[in-house]
2 protein chains.
Amino acid sequence: MKMTTPALNPASTNCDDCPIKHRAVCAYCEKSEMLILETMKSYKTYSAGDSIIFAGDNMQFVGSVVTGVARLSQTMEDGRRQMVGLLLPSDFIGRPGRSHSAFDVEATTDVTLCRFERKPFEKMLSDIPHLRERMLEMALDELDAAREWMLLLGRKTAREKIASLLAIIARRQNAVHTTELGIDVSFDLSLTREAMSEYLGLTLETVSRQINALKKENVIKLEKKRHIIVNDFARLLMETGDDADGGYLS
Amino acid sequence: MKMTTPALNPASTNCDDCPIKHRAVCAYCEKSEMLILETMKSYKTYSAGDSIIFAGDNMQFVGSVVTGVARLSQTMEDGRRQMVGLLLPSDFIGRPGRSHSAFDVEATTDVTLCRFERKPFEKMLSDIPHLRERMLEMALDELDAAREWMLLLGRKTAREKIASLLAIIARRQNAVHTTELGIDVSFDLSLTREAMSEYLGLTLETVSRQINALKKENVIKLEKKRHIIVNDFARLLMETGDDADGGYLS
DNA sequence: TTACAACCTTGATCTATGTCAATATATTTG
DNA sequence: CAAATATATTGACATAGATCAAGGTTGTAA
């Protein structure tokens, strides 16, 4: 399989040459013959088949996100949808040990995956102790994140949910920079209003209203609808409802 | 450390003598010198210190629930609470690799734990490959459960939430029995209305109203407020909003 | 057996967010 | 560039569930 950007060095035995500093991936690199790098097509519509990376009922692959944003979500019979995972670069996709899952993975933007067939991956998992350790660590971290998210879904107001989402995305994209002049936060929010509503358990109208309210109150600025500039990061964190500063501010 | 009921055989090398058929515990039993069995005091009030098994900021133990019901929950500064885990017999408590957690564990009923100091447990984790595998499997299962729960919190109606909770508890307590006469489901709901509301992201009044609505519609019967008899299990499953029967009915 | 505390139910009212609908702004395609 | 399509905003109105308040049950300790 031919490499495309971003270049990976499949023969490297550590993470230094890997564009994503992800220890699980290092273990993969040691078995370069299994490495497949593939660019997913751009996301089009929810229902269109081509946006679905993996459908829940047929997961033959596992992998890591290299670039782009994907999402894990679940749909009820009548169409209600809830996102249950936001997959950013370095996140793992898939469930070793099972070919079935209740969740679908969709590309939100163009997504590059470092992807593996499930069966040989499972063999690696039992052969390489380090990989198993790393998977456990990742699963426990995801579990913690899922539980934070449950607090958001169950108890936060619409305003708090939006503020939390913005703070999470800013942090995950390393978009929070402390300069002499203050805290500089500006990032692309690579989700539509609808995707945000699916993340937060709201409707897209409520998402839109809350974002525009934050704008009117000068907490954030909007550029081209999807690029966010945070004027008052401390205020944004207040609005999340979480205690203290979560480690962002000293 | 002296054993109390239920009797465990600390020297057993498989699960057969263990009251909870839990593979992780087997690995523990092989190292019996580390086994501590302790009965927690009964749950009294949320704020009373004696109901807290582990506080999030000082987790020196991990362990499994042997009997009783505990809960993992998270509290916001202003007192809003969300349960993020319902811990029934065989569930694992604690987070190896970290002494801190954002969540508190509280006893809901009297709880018996099979409990271990975190440090030696972590050593076992690296010494016993089987244990690490088992922990990974458990973490992935919990992650799936957390994600189902996110759908419940984000998208289900109050009615659907209650029906889902009843179905989950019935299943987890093995209270669903298929007889010649039909499906017999009856169980103790060892949670107060308030605890249910914390699980479901509702108020306790809404929980009460929905339970009594299900009673009026003859889906369930109540005995002494906490014992549930399900008259129409198929109907209850319909009310959960989940598709099909989730494998309960043929 | 009474009295107290914890837990639960029910009613009246309020409100945050959903729903429906119209319009505006971006983005893509021809 | 214009047309078409996908996204986003905004308004008017509806409603599920929250909140506030009162009274009823159940369990328990004296």
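I started at DNA strand C, where the nearby surface has four nonpolar, six polar and nine charged residues. My classes were Ala, Val, Leu, Ile, Met, Phe, Trp, Tyr, Cys and Pro as nonpolar, Asp, Glu, Lys and Arg as charged, and the others, Gly among them, as polar. This is a predicted model, so I kept in mind that local features need pLDDT of at least 70 and side-chain atom pairs count only at pLDDT 80 or more, while totals for chains, interfaces and linings use all residues. Residues are numbered from 1 along each chain as its sequence is written, and chains are lettered from A and ligands numbered from 1 in the order in which they are written.

**Entry: confidence**

I looked up pLDDT, the predictor's confidence in each residue, from 0 to 100. Chain A averages 77, and 76% of its residues score at least 70. Residues 1-50 of chain A fall below 50, yet this stretch has 83 contacts in the model beyond near neighbours in sequence. A contact here means C-beta atoms, placed from the backbone, within 7 Å. For the model I noted ipTM 0.85 and pTM 0.84.

**Entry: the DNA strands**

A residue is near a strand if its C-beta atom, placed from the backbone, lies within 6 Å of it. α6 of chain A, together with α5 (193-200) and α6 of chain B, each supply at least two residues of this surface; α6(B) has the largest share, six residues. I took helices (H or I, at least four residues) and strands (E, at least two) as DSSP runs, numbered from the N terminus.

Then I turned to DNA strand D, which also has 19 residues around it; T192(A), R193(A), S208(A), A158(B) and T206(B) come nearest. Here α6(A) gives the largest share, again six residues.

**Entry: how the copies relate**

I laid chain A on chain B and got an RMSD of 0.0 Å, with a turn of 180° and a shift of 0.0 Å along the axis. The two copies are thus related as by a two-fold rotation axis. The superposition is by least squares on the C-alpha atoms of residues with pLDDT of at least 70 in both.

**Entry: the interface**

I counted 32 residues of chain A in contact with 33 of chain B. On the chain A side, β5 (81-87) and α3 (129-155) each supply at least two residues, and α3(A) gives the most, with 19. That side has 15 nonpolar, six polar and eleven charged residues. Because 100% of the interface residues of chain A are also interface residues in chain B, the copies meet through the same surface.

**Entry: core and one glycine**

Chain A has seven helices and twelve strands, and 42% of its 250 residues count as buried. Buried means 20 or more other C-beta atoms within 10 Å of the residue's own, exposed 12 or fewer, and partly exposed in between, with C-beta atoms placed from the backbone.

The largest nonpolar core holds 115 residues; A70(A), M150(A), L166(A), M150(B) and L166(B) touch the most other members. Such a core is a set of buried Ala, Val, Leu, Ile, Met, Phe, Trp, Tyr and Cys residues joined through C-beta atoms within 7 Å. Leaving aside neighbours within four places in sequence, M150(B) is in contact with Q82(A), V84(A), A146(A), W149(A), M150(A) and L153(A).

Last, I checked G85(B), in strand β5 (residues 81-87) of chain B. G85(B) counts as buried because it has 23 C-beta neighbours inside 10 Å.

Conventions. Contact = placed C-beta atoms within 7 Å.
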